[in-house]
There are 2 protein chains.
Amino acid sequence: MLAEIITIGDEILIGQIVDTNSAYISKELNKIGVQVYQITSIQDDKEHILKALELAENNADLIIITGGLGPTKDDITKSTICEFFNDTLVENKKVLAHIYRIFSQYIDSDPLPSNLLQAMVPSKATVLQNKHGTAPGMWLEKNKTVFVSMPGVPYEMKYLMQDEVLPRVIKKFNRPHIYHKTLLTYGMGESEVANRLEDWENALPKDIKLAYLPSLGKVRLRLSSKGVNEKLLKEAVDDEMNTLEELLKDIAIGYEDETSIEQRIGEILVKKGQSMSLAESCTGGGIAQKITENAGASAYFKGGIVPYETALKTAILGVDDQLIAVNNVVSIPVSEAMALQAKKLFKSDYAIATTGIAGPTIGDGDDEVGTVCIAIATPTGVVSQKFSFGKARERVIAKAINKALEMLLKEILKN
Amino acid sequence: MLAEIITIGDEILIGQIVDTNSAYISKELNKIGVQVYQITSIQDDKEHILKALELAENNADLIIITGGLGPTKDDITKSTICEFFNDTLVENKKVLAHIYRIFSQYIDSDPLPSNLLQAMVPSKATVLQNKHGTAPGMWLEKNKTVFVSMPGVPYEMKYLMQDEVLPRVIKKFNRPHIYHKTLLTYGMGESEVANRLEDWENALPKDIKLAYLPSLGKVRLRLSSKGVNEKLLKEAVDDEMNTLEELLKDIAIGYEDETSIEQRIGEILVKKGQSMSLAESCTGGGIAQKITENAGASAYFKGGIVPYETALKTAILGVDDQLIAVNNVVSIPVSEAMALQAKKLFKSDYAIATTGIAGPTIGDGDDEVGTVCIAIATPTGVVSQKFSFGKARERVIAKAINKALEMLLKEILKN
């Protein structure tokens, strides 16, 4: 079965926000065997919404719509859906009571008339209770096609997906199994990887699809297949994955279906009862942010320091100022000293240190822009490496973060 | 004139990556007066690409396509475009020479046959030189419609947009001016804001559109208009914006067309010659990451510390352990002590401190999950506040980061 996602909102089309909802919804649908055929982002405009609904109806069995359900004038999704279904809005008592409850519990004021209007839903809709907001989700059927409308606020949408939409989709539709497995590789370009895999790729069974996903310094290789027999499906993909891993054993660092590199680091550290800390200069807290995104990080992450100003590398982190004077602040010896000092200061088993020149977005003639030194202090010593990551600030920071996590993972796997 | 963006790649439709390219392209097009009608994400599938191109041709004057130009087998955009234009692929000498140059300069190996194939382009295409990669951009025209194809790698696409696509679009098309202005407000719900604005909103000229963009703790209000006379357009929107600001003066904190709150903080600190530092517990480096995203942050950002483990708040930051024992680590007194200690340690004028329980994604029955204390040390003292940010980890962290930056900005504006 196929799904289409329609996100409604001018803010997406003027680039004011990035549409993250679609990626979340796609991932969740894929997990239960629903293939997403297309994602369409459209304007808060009646004609445009109607046209998109019509087209989607021809493409998909399940159409998931987000956005445009707010209490304000520019939110026209509900009335347009009503028109599409040739329906009228009726007041839903349960939603009305829920709105009053939310206002009395969290907002400490009476709902306004515009809030109460959110209890008006198309008469043909099954209401999906939105525990985290005032706009209800709606489930509507037309012939055999299901239309689901949800608010665009990400956390409201996520809970509605988990609590209401996914269970109903599972119950309603016969779905094939979809199985993906992604291998993460570091340090070799896309075409070189492809070249090495050529014979194997040409011999892949037709129902197994290989995709190359290159990004800063890494290439992910995704195998996917779908079918009715989950067991056979998995076996076939896993078999090919084993061969793939063998072919790429010098650059493969693990799977990436669900697990990010920082989650993997966390899992291993927890298993080993070890800990880590950070001294981030040019990555400016970006590694800490990635590590602490994961629930349970406090079990292995002691903390970090961002000694952005050079003097602070001495004053707080305790790096010898002579070492900085002699070697330059962006240097292998300083990165190593930073890592060792962080390890000591935070009493951790591992520490990452980064020092570099992330630079301005456009190179300013300074040929050191993009130079980054990364060091990893381990239970037994310290390793380090110097890199040139180009001239675009955003890219330098992102590459340094990736590389630092990759280096740490390698060390953890060794020790 | 209207544009449509088509992003090609299965990785988007299975939710493996978030499509950030579209937001970038939309924003850049909007700046030069090109309205984006629709964004469509589709599969690496010939029939699907052809269908999307056909539909887009009916909707838009400019169709921007990203993705599917890599050197590997799953990248079929180029051959499909060729089919759509009833064209054949020919070797482009300039691109070929560029590929050899990139390989000799950066990759230190000979290009593979698959790399050299990237020099094959449709004969009708104008090649857009991709300085940062081997896949060239392409510009094709059909009747009056322009089709642009670019690689999906974000930094390659961005340079192509700036260097090649935007200048050509400006030259080719007569465009109206589009003018947006967005007011950022904090601390009042969307419907309450809308209620206060009702009379004014009803009296807004028809050609000025108001949009409400609510997100964690803030509501952005965007006024937009388009027309041929840039000066009149701006005057009309600015006039209404002045009224809007007056109506919301208790909650408006500034415009947000181009400037994020962290950029604003940076601008003011630079102007005042002042500096800031951070002691982030529950926000785990997220504030540092936002601050250091901005080029020039080193002029005002001294650094930060992430004392994730409680003991480190004492050991490194120097918060009195009795204070923690008596008050609990998540408390107003501890947050204030953290901010004051960070200010002292980093010798900065301002410091933000956060301490809280971000919790697991799903509440675990601990009713303190979501509690966050934020303190701001200022040149003259310290202010602080305690919040309940709900139970979803990601949301708690995001809200705490926003709130902390908002509190800092308020203090900076006061002092």
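This is a predicted model: local features need pLDDT of at least 70, side-chain atom pairs count only at pLDDT 80 or more; totals for chains, interfaces and linings use all residues.
**Entry 1: chain A as a whole**

I began with chain A to get my bearings. I counted 15 helices and 17 strands in its secondary structure. Taken along the principal axes, the C-alpha atoms of chain A fill a box of roughly 75 × 60 × 45 Å. Chain A has 415 residues, and 59% of them count as buried. I also looked at contacts in chain A with a separation of 6 or more: residues 24 or more positions apart account for 68% of them.

**Entry 2**

Next I wanted to see how helices pack. I reminded myself that two packed helices are described by the angle between their axes and the distance between the axes.

My pair here was helix α2 (residues 21–31) and helix α7 (residues 154–172), both of chain A. I noted an angle of about 20° between them, with the axes 11 Å apart. Angles under 35 degrees count as roughly parallel, so α2(A) and α7(A) are roughly parallel to each other. The crossing of α2(A) past α7(A) is right-handed.

Which residues of α2(A) and α7(A) meet? From α2(A) I listed N21(A), Y24(A), I25(A), E28(A) and L29(A). Their partners in α7(A) are P154(A), M157(A), K158(A), M161(A), Q162(A) and L166(A). Sorted by class, the residues of this contact of α2(A) with α7(A) are seven nonpolar, two polar and two charged.

**Entry 2: α10 and α15 in chain A**

I stayed in chain A for another pair. Helix α10 (residues 261–272) and helix α15 (residues 393–414) of chain A cross at roughly 30°, and their axes come within 10 Å. By the cut-off of 35 degrees, α10(A) and α15(A) are therefore roughly parallel to each other. I wrote down a left-handed crossing for α10(A) past α15(A).

On the α10(A) side I found I261(A), E262(A), R264(A), I265(A), I268(A), L269(A) and K272(A). They meet L405(A), E406(A), L408(A), L409(A), I412(A) and L413(A) in α15(A). The contact of α10(A) with α15(A) has nine nonpolar residues, four charged ones and no polar ones.

**Entry 3: α8 and α9 in chain B**

Then I moved to chain B. What is the angle between helix α8 (residues 190–202) and helix α9 (residues 230–247) of chain B? I noted about 150°, with the axes 11 Å apart. Angles over 145 degrees count as roughly antiparallel, so α8(B) and α9(B) are roughly antiparallel to each other. α8(B) passes α9(B) in a right-handed crossing.

R196(B), L197(B) and W200(B) of α8(B) make the contact with E240(B), T243(B), L244(B) and L247(B) of α9(B). By class, I get four nonpolar, one polar and two charged residues for α8(B) with α9(B).

**Entry 4: L183 in chain B**

L183(B) sits in strand β9 (residues 177–186) of chain B. Is L183(B) buried or exposed? Its relative accessibility is 0%, so L183(B) counts as buried.

I then listed its contacts, leaving aside neighbours within four places in sequence. Among them are V219(B), R220(B), L221(B), M241(B), L244(B) and Y255(B). I liked the case of R220(B): L183(B) and R220(B) are 37 residues apart in sequence, yet 5.6 Å apart in space, C-alpha to C-alpha.

**Entry 5: α2 and N21 in chain B**

How many of the 11 residues of helix α2 (residues 21–31) of chain B are buried? I found nine, which leaves α2(B) mostly covered. The buried ones include A23(B), Y24(B), I25(B) and L29(B). Just after α2(B), G33(B) takes a positive phi of about 85°.

I picked out N21(B), which has its place in α2 of chain B. With a relative accessible area of 7%, N21(B) is buried. Not counting residues up to four places away in sequence, N21(B) touches T66(B), G152(B), P154(B) and M157(B).

**Entry 6: looking for disulfides**

Last, the cysteines. A disulfide is a covalent bond between the sulfur atoms of two cysteines.

C373(B) is in no disulfide, and its nearest cysteine sulfur, that of C282(B), is 8.9 Å away. The cut-off for a disulfide is 2.5 Å. I noted that C373(B) is buried, at a relative accessible area of 0%. C82(B) is buried too, at 5%.

How values were computed
Residues are numbered from 1 along each chain as its sequence is written. Chains are lettered from A and ligands numbered from 1 in the order in which they are written. Side-chain values use heavy atoms; hydrogens and water are left out. Axes are lines fitted to C-alpha atoms, for helices over the stretch in contact, and angles run from 0 to 180 degrees between N-to-C directions. Helices (H or I, at least four residues) and strands (E, at least two) are DSSP runs, numbered from the N terminus. Angles under 35 degrees count as roughly parallel, over 145 as roughly antiparallel, 65 to 115 as roughly perpendicular and the rest as oblique. A crossing is left-handed if the near helix is turned anticlockwise from the far one by less than a right angle, and right-handed if clockwise. Contact means heavy atoms within 4.5 Å. Ala, Val, Leu, Ile, Met, Phe, Trp, Tyr, Cys and Pro count as nonpolar, Asp, Glu, Lys and Arg as charged, and the others, Gly among them, as polar. Buried means under 20% relative accessible area, exposed over 50%, partly exposed in between (1.4 Å probe, protein chains only).
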